[in-house]
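Here are a few exercises to work through with the model open. Try each task yourself before you read its solution.

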Amino acid sequence: MRATRTFRLKGHARSAAAVRAALRGLPRALDEATIADASLCATELVSNVARHCEGAARGHPVELQLLVDDDLLRVEVSDPGKGFEVGELSPGDETGGWGLFIVDRIADAWGVDPGTRCRVWFELSTSGTAFRTPAAA
């Protein structure tokens, strides 16, 4: 079974609740652990847009796309930014910097697709077997 849902959000930290509601509303029942992991990773990505993307600060929408396949959940967050290069990931400090580090530790695979819109995505296995692929090469 394949299902895709797309949402437009405002690029600010308060969009976290909308992200969680979108994940809970997927047509296929996912286990609570997958929903919790996806919620944490997706809210980190939306928070990064709010913090780093100038277009979001000017009111341009952030797009959240959710794809559920037989054994995979893929979440994509795209914004009007140009993208960025993934550097060495490390834990943040008391004031922030944990977002991509958290995504890297939880997601089975993730990456950044630059273009006319920056797309940051992650995937979680829903079949119980992880297939971890590091994003930075």
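**Exercise 1: the core**

Find which residues touch the most other members of the largest nonpolar core.

Solution. Of its 29 residues, it's L23, L64, L73, V75 and F122 that touch the most other members. (A nonpolar core is a set of buried Ala, Val, Leu, Ile, Met, Phe, Trp, Tyr and Cys residues joined through side-chain atoms within 4.5 Å; buried means under 20% relative accessible area with a 1.4 Å probe, protein chains only.) Next, go by element: α1 (16-24), α2 (32-52), β2 (62-69), β3 (72-79), α4 (99-106), β4 (109-113) and β5 (118-125) each give two or more residues. The largest share, seven residues, is from α2. Helices (H or I, at least four residues) and strands (E, at least two) are DSSP runs, numbered from the N terminus.

This is a predicted model, so local features need pLDDT of at least 70 and side-chain atom pairs count only at pLDDT 80 or more, while totals for chains, interfaces and linings use all residues. Residues are numbered from 1 along each chain as its sequence is written, and side-chain values use heavy atoms, leaving out hydrogens and water.

**Exercise 2: around β2**

Work out which strands pair with β2.

Solution. Start with β1 (residues 3-9): it runs antiparallel to β2 over seven bridges, with L9 partnered by V62. (Strands pair if DSSP finds at least two bridges between them.) Now β3: again antiparallel to β2, over seven bridges, and L66 stands opposite V75. A hairpin of two residues joins β2 to β3. Finally, six of the eight β2 residues are buried, so this strand is largely enclosed by the rest of the structure.

Terms used. Buried < 20%, exposed > 50% of the residue type's maximum accessible area, 1.4 Å probe, protein only.
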